[in-house]
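I opened this notebook to record what I looked up in the structure shown here. The entries are grouped by topic.

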Amino acid sequence: MTDPVIQAVDVTKRYGEVLGLNGFTATIGPGITGLIGPNGAGKSTFFRLLVGQLKVDAGDLRVLGYNPWGEGEFRRMVGYCPEHSTLFEWMTARDFLTSLLRVDGFPKAEAHARATEAIATVGLSEAQDRRLVTYSKGMRQRVKLAQSIAHDPALILLDEPLNGVDPVGRAAVMSLLRRLQRSGRHVLVSSHVLYEVERLTDQIVMITNGRVIAYGDLHRIRSLIDAHPHVIDIETPDPRGVARVLASMDHVVSIEFPGEGRLRVQSRSPEEFYGALPGLVVREGLDIRAVGSADDNLDAVFRYLSEGGHGPR
Amino acid sequence: MPVALIEVNGVSKRFGTVEAVSNLSVELSPGSIGLVGPNGSGKTTLIRLLLGLLSPDSGNLSVLGCDPQRDPLGVRGQVGYMPEHDCLSPDLSGIGFVAHMGRVSGLPKEVAISRAHDVLEFVGLAEERYRKIREYSVGMRQRVKLAQAIVHDPPLCFLDEPTAGLDPSGREEMLELLRALGRLPNHSFVLSTHLLHDADGLCDQVLMLDAGHCIASGPVRELIASHEGESVIRIQGDTDRFLASLLQHGLTPKPMDREIRVELAPGTTRAVFESAAEAGVQVRYLGRSVATIEGLFLARVELPVPEDPT
Amino acid sequence: MSISAPRYAAGPSARTGPASRILAIASREFFRRARAATLLSVALTFFVVVTSVVVTVIFASFLRAPTAGDFESVYESPVWPFLMLIVAASAGAGSLAEDVGDRSISLYLSRPIRLVDYVSAKTIACGSWLVIATVGPGLTAVAVTGALGYASASVLLAALLGFVATGFVAAIFFTGLALALSSLTNRALYSGVAIFGVILVLYIGGSVVAGITGNIYVPYANPIENIRSVAHGAFGVSGGTATDPASSALTLVGSGVVLWVFALWRMRRVEVVSE
């Protein structure tokens, strides 16, 4: 097991009476992790603590083994793409990135080369010498993304990077994040668009009201929500035969026949169910055409957890 | 024969050297219409043309049987518009603002006030309607924006990114509202969105633009029917071993995103489970590939950054 | 949250014409400006004009029968133009700027409203405040002196016409100026400051340049001198001004209209549907 990228133990951050984070505990990484939660849950506070823009009031926060507050060397190892930020409107994208890189301490020639490369990576080469003031919302997002990766950080923190980005840009950004992951970078990305998070990763951190309500593998999290048996839909030409086989498993709570050629199984332990299914199909010669669960996605899990387990609507 | 909601015949509009809309011809029937395309595809120009805020260089348009070029006020009296950006006067209450926009749309004062109460209740702001807009959250502002667009009960609404900036539950509620709106008889809308998944669940027709050209238009079902055939598998466990196993069973899997796509002849799903059993992985999902507006879009639009070679 | 179909209590209702839609915008704008700053500056104008006019007329009556010229005295000091600046800034500086700033203008223009209708509605609202401030106090002063019996009916009538004529000319100019400067920015504060800046520069600059060069056309560039001149003409006071009253009136009304057209032209930049 590799070291966690981010380790937060009981981290608390207040702004006067306003609570940013409240006893935030999570272990994050490696790879891509999705940070999700309602507006005002504390996501942006968490990001700003991670890059050392804010200081924790209490608790312990380790990022890549460092305490982010006041650690100069550490700043170069993270890239941060804030949700809202002002760009220097009168600059061209390339000059903007070059000057940021020079502030980071790169020599002029290297800063220029890295800026050009980062802009190419986010697909803005054609517009790189235009002033930022002419950029659309989606292009600005990509400039922010480019500045977060230009210095080749080990950890990239992206706060709503897809907000306002058009469909082509979204596909490009998602594919970029996967490339970064494959090249060994770690990414923490927040998004309100759950199906896009789900497409990127199974690793999530879900927060509400400054607290972590769940973190880790999405499917494990779902399995842990015992209050609601997992509903699994199966399509087969022989529902009765399949039902007989499945009924033998003791975690199966109920089996319904909602329609022609269909079967709905409720299981208390999806882990065991899915674990046993391939073997059963092969051994018993079952003909299962389709299998899936409407409960086993981020949307459903988010709803269970953020609404205090009121179940699907 | 139902009357076309929107007709566009050979419309071009040029700004300087850029042809924002290029010889565009489409016909859309009443219903829920998704307007999708990358930035600069001409969506904005098309909406401006349809609202009569711009005149086309050539061609003609018709909205609800009116020509927006000759009778822009006639068209705008019959449509609602919900902008993407913030557009609310913070000094007014929700009810004051919506009633005011109703009067500006041509409702008599008393009717405007009573309609404003109705639509604010419809969008779920009944309790907050007397509070000042400056105190509203992002989600509440989006609802007021929707309310002002429908206060004069227009048969057609243009909705520009109605879910932008909303958190997951806020977005789901907004989509639910739009679904409710779409279910009302004689209430059509054109939804412009970057979140194609939202359009998937909401729209029965779609108009896809790219660089001022129409790359697809018509009923969603007809358009995406031609994209079926594959099966999708999602597993939990060692993907590489599972892929190797599938290959041994004579299948040619294509890993995409976080799923695996594979051509399966009918009745051959057994091979998938056999591969899973051998590789020791769980099959979390197996089903026919569901064609989506997003899939159709990405198949027809050129990506500026090449997709990964995997 | 509950979702239910909207109730159509009244069914599809008849639509009002453009006039009542313009009126809706104008009345909302008018009442939006009825804030402390506007109300105080208008009240102050009433107080200053009425007291100074009544006192001047009463003093004049000790020596001779008051003339319409005695009513004109209020235009001789820079206090009155200064009060008009406050009213114009408070009632007009935000009229276009605030709608552009919060972008509610895009909603107006997506409705059955033309740009010229919209700007006209704003003009009505801003102009109403200015007319209240320019004409109202004069009429009150005429009524008070008349009621106290200090002036004859013909003098009162002449003074009344003088106040109405001067007031409307000044209101047209300040309305055009306020809207033009409001159309340049999306912050009411900036256009408000600009109203003061422009007038002070023209007032001081005009006086200085006229004094140095002695050119007889330079005073036309000074709106405050123009207003004084118009007042002289309207109240039948001869001489004492650097400009010709009729030409000054034409200058003020003309520049008011030009400024208004400029505001209209500036608003064309507003993009209703944005990328």
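Which unit do β6(A), helix α6 (residues 167-182) of chain A and β7(A) make? I found that they make a right-handed β-α-β unit. I noted the convention: a crossover is right-handed if, with the strands pointing away from the viewer, the path from the first strand over the helix to the second runs clockwise. Helices (H or I, at least four residues) and strands (E, at least two) are DSSP runs, numbered from the N terminus.

**Basis of the entries.** I worked from a predicted model, in which local features need pLDDT of at least 70 and side-chain atom pairs count only at pLDDT 80 or more, while totals for chains, interfaces and linings use all residues. Residues are numbered from 1 along each chain as its sequence is written, chains are lettered from A and ligands numbered from 1 in the order in which they are written, and side-chain values use heavy atoms, with hydrogens and water left out.

**Strand β7 of chain A.** I looked up the pairing of β7(A), where two strands pair if DSSP finds at least two bridges between them. Strand β6 (residues 155-159) of chain A runs parallel to β7(A) and is joined to it by five bridges; A:I156 has A:V187 as its bridge partner. Strand β3 (residues 32-36) of chain A also pairs with β7(A) in the parallel sense, over four bridges, and A:G34 stands opposite A:V189.

I then checked burial (buried means under 20% relative accessible area, exposed over 50%, partly exposed in between, with a 1.4 Å probe and protein chains only). Five of the five residues of β7(A), residues 186-190, are buried. A:H186, A:L188 and A:S190 lie on one side, and A:V187 and A:V189 on the other, so both faces are covered.

**The open sheet of chain A.** I recorded an open sheet of three strands in the order β2-β1-β4, with antiparallel pairing. Its edge strands, β2 (18-28) and β4 (58-63), each pair on one side only. Strand β1 (residues 6-15) and β2(A) pair over seven bridges, and A:R14 is the bridge partner of A:L19.

**Chains B and C.** I found 36 residues of chain C in contact (heavy atoms within 4.5 Å) with 48 residues of chain B. The rule finds two salt bridges across this interface, a salt bridge being a side-chain nitrogen of Lys or Arg within 4 Å of a carboxyl oxygen of Asp or Glu. I noted one between the side chains of B:D91 and C:R32, at 3.6 Å, N to O.
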